[in-house]
Amino acid sequence: MVRSYKVKIDRKALDSLKVAMEGFTDEDLTNANRVAARAALIEIKKYHRDFAASGKWFNKNSKTWGPDRKRTGWDDKLVRKWRVDSVTKSGAILSNDHPHFASKLKDQTIKPRGSYALTIPFHPAAHGRTVKQFKRKMGVEVFRKPGKGNLYFTQHGKLKVAYLLRGQVKMKKWPGAMPPDEVIAKPYVQKLAKELLHGMGLD
């Protein structure tokens, strides 16, 4: 699984400012790009805060949606993980190494690292909880049935599925997970232009 997602903003994306940039030293351009990268960073974080606030990370058709579902707060952690990775005279790289973010950006197949199966939450109370935490939360024992690829528990005399055990799982790209290009490029170019104008004494 990809552990870090990077957004590169370079000369190709900054063609409109190419002439203006040629009149500055490498140090000046690097400093201007650093300011511009911070402006883009603010907008990316805002995009993901708004995305979460509007419930766009939720899949209410999921089996894990319901009472006793635990919020993991991963969307808040995702926002905090955005950072300016590097800055040069030619542009900047913004990155996010949240381990679950990359899985939202493209269709992919997730497989276990070792010989054990993937443990996939199925019951709402299993969401965001390990098997041990689930057992403590529900006050139940979890067990397997011969020939069945699930972890079960009993509640009020009924057999229920807590987790699915799978050799792999296919993940679909999450619509809107990555901000549109203009969310990143527009504030970057605007801030960079302002910095260059300031450097030329034209602001």
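Visitor: Why does Lys 170 count as exposed?

Guide: The relative accessibility of Lys 170 is 65%. Exposed means over 50% relative accessible area, buried under 20%, and partly exposed in between, with a 1.4 Å probe and protein chains only. Lys 170 therefore counts as exposed. The model is predicted: local features need pLDDT of at least 70 and side-chain atom pairs pLDDT 80 or more, while totals for chains, interfaces and linings use all residues. Residues are numbered from 1 along each chain as its sequence is written, and side-chain values use heavy atoms, with hydrogens and water left out.

Visitor: Where does Lys 170 lie, and which residues does Lys 170 touch?

Guide: Lys 170 is part of strand β8; strands (E, at least two residues) and helices (H or I, at least four) are DSSP runs, numbered from the N terminus. Not counting residues up to four places away in sequence, Lys 170 touches Gln 108 and Thr 109, where contact means heavy atoms within 4.5 Å. Ile 110 is 60 residues from Lys 170 along the chain, and their C-alpha atoms are separated by 6.2 Å.

Visitor: How many helices and strands are there in the protein?

Guide: The protein has five helices and eight strands. From the N terminus the order is β-α-α-α-β-β-β-β-α-β-β-β-α. Of the 203 residues, 35% are buried. Of the contacts between residues at least 6 apart in sequence, 69% join residues at least 24 apart.

Visitor: What makes His 48 count as buried?

Guide: Its relative accessible area is 0%, so His 48 is buried. His 48 lies in helix α2. Leaving aside neighbours within four places in sequence, its contacts include Trp 57, Leu 78, Trp 82 and Phe 101.

Visitor: How do you know that the span of α2 agrees with its 28 residues?

Guide: The expected span of a helix is 1.5 Å times one less than its number of residues. For α2 that gives 40 Å, and its end C-alpha atoms are 40 Å apart, so the two values agree. Just after α2, Gly 55 takes a positive phi of about 75 degrees.

Visitor: Which residues other than glycine have a positive phi?

Guide: His 156 is one of them, with phi near 55 degrees. Most residues other than glycine have a negative phi. His 156 sits in the loop between β6 (150-155) and β7; at 75% relative accessibility it counts as exposed. Asp 68 also is not a glycine, and has a positive phi of about 75 degrees. Asp 68 belongs to the loop between α2 and α3, and its relative accessible area of 38% makes it partly exposed.

Visitor: Is Arg 129 buried or exposed?

Guide: Arg 129 counts as buried, because its relative accessibility is 17%. The residue is in the loop between β5 and α4 (131-138). Beyond its neighbours within four places in sequence, Arg 129 is in contact with residues including Asp 68, Lys 70 and Tyr 163. Thr 72 is 57 residues from Arg 129 in sequence and 8.7 Å away, C-alpha to C-alpha.

Visitor: In which sense do β2 and β3 pair?

Guide: Two strands pair if DSSP finds at least two bridges between them. β2 (residues 83-88) and β3 (residues 91-96) have five bridges and pair in the antiparallel sense. Val 84 has Leu 94 as its bridge partner, and Val 87 stands opposite Ala 92. Five of the six residues of β3 are buried.

Visitor: What lines the largest pocket?

Guide: A pocket is an open set of points on a 1 Å grid over the protein atoms alone, where a 1.4 Å probe fits, with protein on both sides within 12 Å along at least five of seven lines; lining residues have an atom within 4 Å of a point. The largest pocket is lined by 42 residues, of which His 100, Lys 104, Ile 120, Pro 121 and Met 171 lie nearest its centre. β5 supplies the largest share of the lining, four residues.

Visitor: How do the lining residues of the largest pocket divide?

Guide: They divide into 17 nonpolar, twelve polar and 13 charged. Ala, Val, Leu, Ile, Met, Phe, Trp, Tyr, Cys and Pro count as nonpolar, Asp, Glu, Lys and Arg as charged, and the others, Gly among them, as polar.
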